Amino acid sequence: MAHVRWAKLFAILAVVGCVENPRPPIRIGIAPWPAFEVLYLAQERELFASEGVDVRLVEYSSLGDARRAYERGDVDGMTCTLAELLRARERGQRRPVAILMTDVSNGADALIARAPIASPRDLAGRRVGVDVSSIGPLLVSRALDSAGLALRHVTLVAIDAGDARRALAEGRVEAVASPAPESLEVLRDEASHAIFSSAELPGEIVRIVALDDEILARRTSDATALVRAWDRAVRLAVEHPAESDAIMAGRERTSVEDFRDALDGCRLLSSREQRPSFAPGGALQRAIRDTDRILRAADRIRGDDHTAGCISDAALPWTEVRD
Amino acid sequence: LTKIASALRSLQAKVALPIALLGMAVAGTAVVFTQGLFADRLEEQVRLRAEGLCNTVNDCCEITGRGPALVRLVHFLAGDRDVERIVVTAGDPPQVVACNRNSWIGLRASEVPDRGVAEHVSESQRTRATGFHFHEARRSFDYYAPLRLDDDRTETAGLENGTVYVALETTAIRAQLSGSMTQSTCLIAAAALLFTLLAYALLRQFILAPVGDICRAMDRRAAGDATASAPVHAPDEIGALAGTFNRMLAALRRSEARFQRLAESNVIGVFSMEGDDAISEANQAFLEMLGRTRDELAGGRLEWSRLVPADRRAADEAALQRARRGERSAPWETTFFHASGKRVPVLVGVASVDADGRDVVGVVLDDTQRKEAELRLRESETRFRVLMDSGIVGIILTDATGRVTEANDAFLSMVGCTRADLATDRLNWRQLVSPGCRDVAAAAGDKIAVEGSIAPLELELMPAKRDPMPVLVCGARIGGKDRGSPSIVIVLDIAERKKMEVELQRATRAAEGANRAKSEFLASMSHEIRTPMNGVIGMTGLLLESNLDREQREYAETVRSCGEALLTILNDILDFSKIEAGRLAVETVEFDVRSAVEDVVDLLAPIAHGKGLDLFCFVDAEVPRAMAGDPGRLRQILTNLFGNAIKFTASGHVAVRTMVAEDRGDGLLLRFEVSDTGIGISPSALERLFHPFSQADMSTTRRFGGTGLGLAISKRLVELMGGEIGVRSIPGKGSTFWFTARLGRRACGPEPQLAAARERWRVLCVDPSEPAASFIREQAEAWNVETDLAETWEEALDRLWKAKEDGRPYRVLMVAKGLSGFDPGAFLESTGRKSEIGRIALVVLAPYADRATPGRDGDDLAWPAFAQLAKPVKPSHLRECFEALAEPARFRSRRPARTSDSGEPAAAEGALHGRILLAEDNPVNQRLALAQLAKLGYHADAVANGQEAVEALLRIPYDAVLMDCQMPEVDGFWATALMRQREGAAKRTPIIAMTANAMQGDRDRCLAAGMDDYLAKPVKLDELRSVLERWVKRPADAAPADVADPAAGSASEALDPVDVSVLEALSQLDDPGGPSLRDELIDIFLRDAPLKHAALREALAAGDRAALERVAHALKGASGNLGARPLAQLCARIEASARAGELARAAAEVALAEAELARVRIALEGSRESD
């Protein structure tokens, strides 16, 4: 009997010692992009908390910074393009999975040049500045494709997204591929003009929220809650644009009007809208492959194919949540 | 709750709980300490982290200045999980220049939604110092520090008054620290727990468990397990405690066992009761007392209320209750029912064991015996009362002083008192006796008080107003050993008995007087008869030596033979009287049994020959030559049996056989058989044959005479020799008397084997008398000499020739003298002198008559070897004959077998040498010695004791006296002394001692007593001859110079015991016609002198020298007055010896005086009669 008593005592101590801490927040690295600000809107409006999930948005200056933070493990997920997704999978120990498409770029990504370059055809032989780790090469490639040119006909110069306007003004490059809101800043220079945009590539350039596959597997319900909060934020942005835009523009440190212009270049996607894209062989899958192919052509990705398993509809609800 | 309380009171709880509390206290202290440490560490860690971030931001500002790069850097830094906020402000009022929230950049600090930022920035700007704040609720840490930048650099433009604000979330650090702290806490707690457990385990191992074992052993012991013991785990204090406890248990067990054994071995019943009415335990005695079993006991069926009768229950229950209450209760009597239904009276005592009176123990004593004893006592008392009142004996109860406390009527009647006298308490039985008995009565009373009882005692009561009454008194103390206890005294009137006793004493005295008179008469008669008979025989001998004609000689011979026969009868009577007195003894000397037997044969041969009877003698070869015993008594028995056989055999033969009946190493049991062909004895007469005064029948007595004492004497002698005697007889055919005697073995070599046996001689015995020839053959074959018999000479010749033809011729031819047809000369002629058969040795068996006259000499026959054996052929002669024939040279020179010794005077060796007096008490020895003396040519007279010898010597002047030293009445020493005294110096008769005590000391003693020479028994003829030749032939030389004469110095002047002249002088004093004074004096002397002599002996026996001297003096005077001078002189010597204290000498002189007194008496009586 004495042994039984001691066993009980040890069992109690073990249980007490193994009490799990409260679940930590899901940290999502976020970079400036009009559609991503819907997530900021959700945070500010505490939609995550109301959906029962603690989501912390960790702000970075660019998609690259967010991707590196993810690769370091500072954050559990990130907002990014498919290029960051593939690059992160190629480089790191972690495996991000796309759980949500925030939008389809519909002009928010633009190829901007100065005179005398007026069209993509004029880019031959020119220096084009791009964020090489993001979708810059894709946009340039598509633009060249449209002009019958190829990447080999231009010289890609790596620049940070926030440095596009100055690089173009200083002449270090003759054209830049820039996403919003930086593209709006560049276009604010009168000498600059867009020669190509994502509007000419309908449904081809998307932004996503990627979550670490381990986190997703472990906290699928939280991911689902995140998506639900997303849906509600999207609706909030649509239904209460003044309030929402003000919040989102503050975060972008632009005017509401500028922000609205930029947001117009994006087509926000609810979870229901994007579900077909998550189907096997769906649009998202194809976009990933295309992106991979182009990045490999631009020698931005090497090595093994990482396109498989990059997406998961586990977090997508089957029915849209309504308030 | 009770169990918990009990558990908390246990030693285990008292030890374990403090240890547990101590462990918990240690653990709690560790936790508190760890918590404190945790808080300090947390703050330190967080502060260091915040400082680090601030320093980094400060450095970035230094490098990049304000702008996107700073914002980007802030984003990077704030990307860490623990960073909540980084805000860089600058300017005045402070404005956000970089923040991880894009939306705050560009806002004034005061516009920032987080109010803490504005406060901290404001504080920092104001103090220009670092600061921090812990938000325990938010688990956040705010830190702020002023930017410290170089002022003169362009990059830092716009960052003046800058402040870095960092908000950290402490959860992660807290979790990390908490993990470490938890680990530490757990380790400490585990260590405390381990310590607690270890301490508890040690306590349990070394203290609690052993103590628990001891407790369990105690519990088991308390539960009744007698084998319970505590294990000794270790040699420590607990082990010592366990050991001590075990020893205590062992002592307890022993004590219990002792009490158990005591209870079980006790005859007293022991029981115990626990609580209720039932007896729970009891010993065997209790169960047996009630006839109950242990099963009944175990089953609780022995309930007190059912064990006792209904009328006892209440009283018993009350007694038990008193005992349960602890009150002392005396044992009480009650009654139990035995299992058989019988009531057992018992005595019960109980006591409570414990204070609550639950347990009760008790003892039960079976009172049956006491009750029965009481009953018996009452009955005894009743009987005593009846006895008291019976009036047969007087019974009194007295106190220690003799005062009569109770008396029955018989006693009161005896002493002539009444009960009123008794009531006065002054009646003392010691005072009721006659004055002469009072001392005795007082002593008896004291003895009763001291010793408890007295033997019956005769006293004389002095009744009031009556004559004294003889009574027998006995008494005993009653009521314990205390001297003051009362006594019971029984008084028996023995007046009648005393009268009868007086009568009886008178009758007894008369009878004793008669008996004494008879004894005196017998002694006197034997003495008186023997004395004159000795004279008659002696004088007849002298008469026969004188010149008598034939008729006179026949008369004289008849007188002599009648006298000898009379003496024989007297000897028998004397022997028998000795047997009656138990004074008959046998001596032990070395002697030759064969010679003793042959002596008897020789002794009786003339008588047998006179009756025409043959005598045969056989001695087995196994009978040793030297043995130890009494040859005289052996001869006496043989002579008696042999004499009887001759007496009761008219024709035929008488034979004696001697053989070994049993050989026991140190001694032999010899068997002697005397057979005859006489008249035999009827079976009825056989039964009383060995009784005294008994013969086969009275007609026998009339026909053959005899006292009838011989066989009785022989029987007694045989018994003294350790043997038996018996007889088998066929009336008309003959009798065989046999007896055995145990004789000692003496060292002597085995008898050498005869040459005849060695050389395997053959002997032919030719005798018409078959028994005679058979005896010769039996004896020869006993020596392994082959012997054949032939009855006629013709038969002998046939055997002779046949033996020769067989190659085994005869070596010895024994022929009865006068055998018909036997002519030695013709035989020799016919066979030839030189022939082998002619060399046969011839032994002629001559008849008894030819003992002294061998007849024709063998030499005349020119027989090569010749010898003659006279009948009866004695074994020694036959053996000597065989030896002689084997040694012709010796045979020729000595011819020993030619004649036999003979008791016949006619065969005497020559002239008459003299008269010899033989003093010898044993009749056979007497007769043997007489025969030897006759053979040597002496005339001899025999007397049976010293006194007779002295008297015979007075009458007849013998030439010598052969004196046996050991004789009844007066022995040889005394007799010698008397003789020497009588003889005086003028004459000295040679006295030669004959004694069986062949010791040098005896010889010296004999010579010292006045004897002249010494012969050791048995007396050999040659020794006798040489001694007598030495003394009798030289009567003049009778007294050797070297032999002291003890009487020489005190020789009396006259031989007469009384000087006649003195008597005559007395006669002259008589008045004419008056009574004779002399006779009166003689009467007085004869009456008084024996009393005086008896007084002398008594004084001698008592060693009273004064009395001896006084009486001797008185006797000396009386003797002298009557002229008895020798007696007077003897008395004077006794007086002198007594005075000198020489009692040994006085004893001899008293004995001499007795003999002298006898002489004086004879002389005085003679002098009176002569008048």
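## Reading a predicted two-chain model

Modeller: Among chain A contacts (heavy atoms within 4.5 Å) between residues at least 6 apart in sequence, 78% join residues at least 24 apart. The model is predicted, so local features need pLDDT of at least 70 and side-chain atom pairs count only at pLDDT 80 or more, while totals for chains, interfaces and linings use all residues. Residues are numbered from 1 along each chain as its sequence is written, chains are lettered from A and ligands numbered from 1 in the order in which they are written, and side-chain values use heavy atoms, with hydrogens and water left out.

Colleague: How many helices and strands does chain A have?

Modeller: Helices (H or I, at least four residues) and strands (E, at least two) are DSSP runs, numbered from the N terminus. Chain A has 14 helices and 11 strands.

Colleague: Which residues touch the most other members of the largest nonpolar core?

Modeller: In soluble globular proteins, nonpolar side chains tend to be buried together. A nonpolar core is a set of buried Ala, Val, Leu, Ile, Met, Phe, Trp, Tyr and Cys residues joined through side-chain atoms within 4.5 Å; buried means under 20% relative accessible area, exposed over 50%, and partly exposed in between (1.4 Å probe, protein chains only). The largest core has 99 residues, of which L85(A), L111(A), L123(A), V140(A), I208(A) and L284(A) touch the most other members. Helix α10 (residues 220–239) of chain A gives the most to this core, with 10 residues. Leaving aside neighbours within four places in sequence, the contacts of V140(A) include L111(A), V128(A) and L151(A).

Colleague: Is F648(B) buried or exposed?

Modeller: F648(B) counts as buried because its relative accessibility is 19%. This residue is found in the loop between α18 (631–647) and β19 (653–663) of chain B. The C-alpha atoms of F648(B) and G678(B) are separated by 5.5 Å, although the two residues are 30 apart along the chain.

Colleague: What of L198(B), buried or exposed?

Modeller: L198(B), with a relative accessible area of 51%, is exposed. Helix α5 of chain B holds L198(B).

Colleague: How many salt bridges are counted between chain A and chain B?

Modeller: A salt bridge is a side-chain nitrogen of Lys or Arg within 4 Å of a carboxyl oxygen of Asp or Glu. Four are counted between chain A and chain B. D76(A) forms one with R81(B), the closest N and O atoms being 2.7 Å apart. At this interface, 25 residues of chain A are in contact with 17 residues of chain B.
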